[in-house]
Amino acid sequence: MTLDELAAHMRVLQGAERTLRVARRLFALGCALFYSAVSALWFLVYHAPAGQTVLLCLGLVLLAGALPVIPGAWLARRRLWKRRNRLHSVLFAQGLRVDEAGRVVTNEPHPTLVYDRAMTGDRATGLAGGAHDGSAPGCPHCPVAVRPVGADTARSGAAVDGSWLVCRPACPAGAGGGADGLAGADAVDGCRHRGAVGLADLSQ
Amino acid sequence: MMPPAAPLRLLVLLLTAVISLRYIAWRGMFTLNSSTLFSTVLAVLLYLAELYSVVISLLGALVNSTPLRRPALTLADLSPGTVLPSVDVLVPSYNEPAEMLEVTLRAALRMRYPGGRLRVYLLDDGGTDAKVAQPDPEKAAAALQRRAVLQALCARLGAFYLTRPENSHAKAGNINHALRHTDGELIVILDADHVPTGDFLDRTVPWMVRRPEVFLVQTPHFMINPDPIDRNLLQSFRRMPSENDMFYQTIQKGLDFWASSFFCGSAALLRRAPLMAIGGLAGETITEDAETAITLHGQGYHSVYLDRPMVAGLNPETFTAFVIQRMRWAQGMTQILLLKRPFMHPGLTWYQRVGYMSSLLFWLFPFARLIFIFSPLAYLIFGFDVYNASTMQILAYTVPHVVAGYIMSDMLFGRTRWPLISEIYELMQSIFSLRALIQVVANPRHPSFVVTPKGDTLEEEFISPLAKPFYWLFAVVGIGFAFGIWRFIDDPVTRDMTTVVLVWNTLNFLTLTAALGALVERRQRRASPRMPAQQSGTVLAAGAEMPCEIDDLSAGGARLLIDPAAPQAPKRGEIIRLSAPAPQMGRTVTLRCEVCSAFPVRRKLALGIRFVPATEAEASDAVALAFGDSARWQFFLDRRIRPIPFTTALSMILGLIWQPVLMHSRMFFAAVRSTCVSLLRQGSAHE
């Protein structure tokens with residue numbers, strides 16, 4: 001999987017998450033409508049209060065609205081749930097996960113930031129195979145707009161507490177880890193490379 | 001600092017609260033008119049139990065409406081030149097083994113903090129003068145030997161050993177004695193089995209430095225082994241939030257927002273000055289921690305709750321030990337409710353009173369829980385009309401209340417407490433806690449501190465000695481079904497109500513059946529539990545290096561996965577060296593190990609290894625590798641804290657209830673067989 005593919009994958013995943021949220025709310029709404037309709041009709045049957053025609057019409061309208069929504073939303077929810085899980089499992093199989101802030105990081109206690117749409121934005125499509133343009137702050141080698149992870153740990157609450165940056169495998173400084181095995185903590189000043197785990201693994 | 005609450009969340013909580021209040025008002029006004037005096041008494045009891053549940057839900061909703069997540073602060077965030085306060089680490093101990101204490105002391109000594117400003121004390125209550133001089137010579141000799149062993153251990157590690165003349169006031173008395181003999185500005189209290197990570201002080205001390213009004217920084221108790229109910233029944237320690245996750249991952253954060261997060265006895269940093277001003281830890285009740293927090297909150301001091309697991313502890317291994325622990329908590333919290341009366345304690349703000357009342361009233365759940373078990377039986381077996389409502393009313397009032405309660409609970413605690421699972425935990429504690437609570441209510445000063453046994457090994461499966469009340473309850477609920485079916489056929493007029501009550505009884509029956517499964521104590525041979533590591537390393541064997549994955553890890557050993565095709569794969573009994581990065585220490589550690597087993601697993605060769613450190617530094621490195629990294633604990637927690645839908649929880653329970661029946665029948669037949677065999681042997685011996 002290249003970075004382009006990862007970006008596309010994340011777009012699909014985020015779309016699926018959004019639609020799933022809508023389907024869930026629709027299903028809950030359908031259930032609430034159904035329950036209100038049945039309660040209203042049951043109440044009518046037992047008590048026959050004043051203004052029963054209005055209540056009857058209201059109950060029937062609610063029922064008519066709820067009946068198609070519930071199975072439709074339920075099916076959509078089920079399919080989207082499966083799709084979302086499948087998309088996550090692709091990342092999981094690559095040793096990656098999506099953190100609470102929506103970033104792709106390695107699935108480890110000390111994760112490496114692999115992809116952050118908020119930082120790369122639309123440039124993501126131009127990243128894979130692109131030449132080093134030195135545009136990334138802090139890293140003269142990487143075209144990926146990267147920055148230390150952890151500055152917003154408190155906000156996101158994610159377990160990201162390292163400060164690794166990601167380089168493409170082509171990045172000479174990011175080709176290997178540091179001597180102590182701590183993922184190249186001192187590879188380049190201002191930039192902590194972890195090329196060995198980063199995108200190299202994604203291409204498997 | 002305080003994040004704004006999500007408006008939708010607050011709106012939903014408000015709506016669910018209104019629905020529940022509407023229900024409880026309707027119940028109180030229209031459904032308590034029973035046919036006989038005795039029925040009325042039972043109906044009122046059931047109503048009180050429901051009222052209690054609604055009050056607890058509403059208090060819980062208020063307390064947890066806006067959980068507070070504190071930002072991460074470290075010593076590096078302090079301005080340069082800040083003088084750091086001196087820290088004393090106090091490890092109170094009563095009867096824990098030296099091996100367990102050694103791990104805790106080594107980890108405490110390895111916490112990152114400027115040299116000379118950290119001192120670690122072992123407070124031994126098992127080797128006091130009174131214990132050494134007790135009349136029983138065997139026990140006196142054991143106490144003397146314990147004292148000598150622990151003194152030698154402390155001298156070897158660089159910790160300080162403290163004991164006292166007598167054992168008055170249990171743990172609180174032990175700590176207060178140490179406070180008089182130490183002088184650190186800050187105090188860390190760690191239980192004997194609570195192993196801190198390297199960054200504990202790095203992340204907690206800055207709060208004390210920056211905010212002088214803070215008297216307490218509490219952190220979660222992260223348990224590295226399943227509790228007995230999980231181990232015996234659920235077996236999902238790695239996949240399901242544990243029982244105390246609800247408190248530490250949700251409730252304490254909610255309490256923190258209302259400035260009422262409280263001291264939990266361990267894994268906390270305290271400021272000495274305010275503590276000494278009130279004469280040390282309070283000792284009026286057996287939960288000295290919460291009692292002390294109430295007193296200091298009342299004096300205007302603040303507390304901070306840091307939601308990062310930085311102390312790894314042990315759950316009790318057996319159901320008996322679990323019950324002992326929970327009874328102590330229930331009794332202690334009820335003592336505080338009766339003796340300290342936080343609802344009128346001077347100095348507390350209204351929201352602190354609400355926070356404390358929410359935490360204290362929760363422990364009265366055994367009363368409500370048992371009423372909910374017996375009420376349907378009163379109707380099904382004896383025909384008492386304890387719940388006077390028509391099906392229409394149940395649909396209009398009860399069902400929305402139940403749904404609203406579920407939505408509220410799911411919204412507040414869905415990630416840390418799965419539906420139905422909590423029912424099992426509460427039911428299993430209820431029977432024993434009820435008796436303990438009645439004792440406290442009768443005599444609030446009566447209970448005494450009982451130490452929770454930990455670190456046991458269980459050689460074989462057996463049925464818990466506390467199982468008998470559950471068998472009785474199981475039989476009675478089963479009889480309720482028989483009567484319910486008879487009532488359903490016999491009385492068509494009340495068929496609707498009978499159906500509703502039968503559904504209620506079914507839920508109770510499912511919970512009880514599952515509870516039976518937790519009473520079969522499963523084998524546990526390992527005293528020191530292994531935790532998943534997910535870390536890479538290098539094995540050095542016979543002059544060759546080979547990469548490995550560390551699959552799991554404890555202070556005593558690990559399981560490594562290596563390539564089976566490696567030319568010099570280590571054999572059983574071979575001495576190798578394991579080299580692995582220890583991120584919290586910022587370096588790679590190398591440990592001497594003995595291969596205890598080698599077997600294929602997941603297309604790899606698994607090596608079971610035991611650490612055999614050659615030096616003291618290497619032994620400390622092993623502890624630091626196993627327990628030093630809080631990111632590992634956080635990672636583990638993040639994997640299992642997630643919500644599941646009600647249907648999944650129900651299918652989980654339905655899948656579990658067959659196990660108890662099978663296990664109990666298997667053990668029953670095994671017991672019958674062994675009895676028959678022994679009788680036959682006796683008979684043949686007589687002949």
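Let me start with Arg369(B), which at 16% relative accessibility counts as buried, because the cut-off for that word is under 20%. Please keep in mind that this is a predicted model. The residue Arg369(B) belongs to helix α14 of chain B, which covers residues 365–382, and, if we leave aside its neighbours within four places in sequence, Arg369(B) is in contact with Glu423(B), Glu426(B), Leu427(B) and Ser430(B).

From there I would like to turn to charged pairs. Side chains of opposite charge can pair when their charged atoms come close. Over all chains, the count of salt bridges comes to 35.

One of them is between Arg69(B) and Glu100(A), at 3.9 Å from N to O; since Arg69(B) sits in the loop between α2 and β1 of chain B, and Glu100(A) in the loop between β1 and β2 of chain A, this pair joins two chains. Arg69(B) itself is partly exposed, with a relative accessible area of 35%.

A second example is Asp621(B) with Arg110(B), whose closest N and O atoms are 3.1 Å apart. This pair links distant parts of the chain, with Asp621(B) in helix α19 and Arg110(B) in the loop between α3 and β2, 511 residues apart.

Finally, Glu100(A), Arg69(B), Lys253(B) and Asp307(B) are joined into one network by salt bridges that share partners.

Definitions and conventions: Residues are numbered from 1 along each chain as its sequence is written. Chains are lettered from A and ligands numbered from 1 in the order in which they are written. This is a predicted model: local features need pLDDT of at least 70, side-chain atom pairs count only at pLDDT 80 or more; totals for chains, interfaces and linings use all residues. Side-chain values use heavy atoms; hydrogens and water are left out. Helices (H or I, at least four residues) and strands (E, at least two) are DSSP runs, numbered from the N terminus. Buried means under 20% relative accessible area, exposed over 50%, partly exposed in between (1.4 Å probe, protein chains only). Contact means heavy atoms within 4.5 Å. A salt bridge is a side-chain nitrogen of Lys or Arg within 4 Å of a carboxyl oxygen of Asp or Glu.
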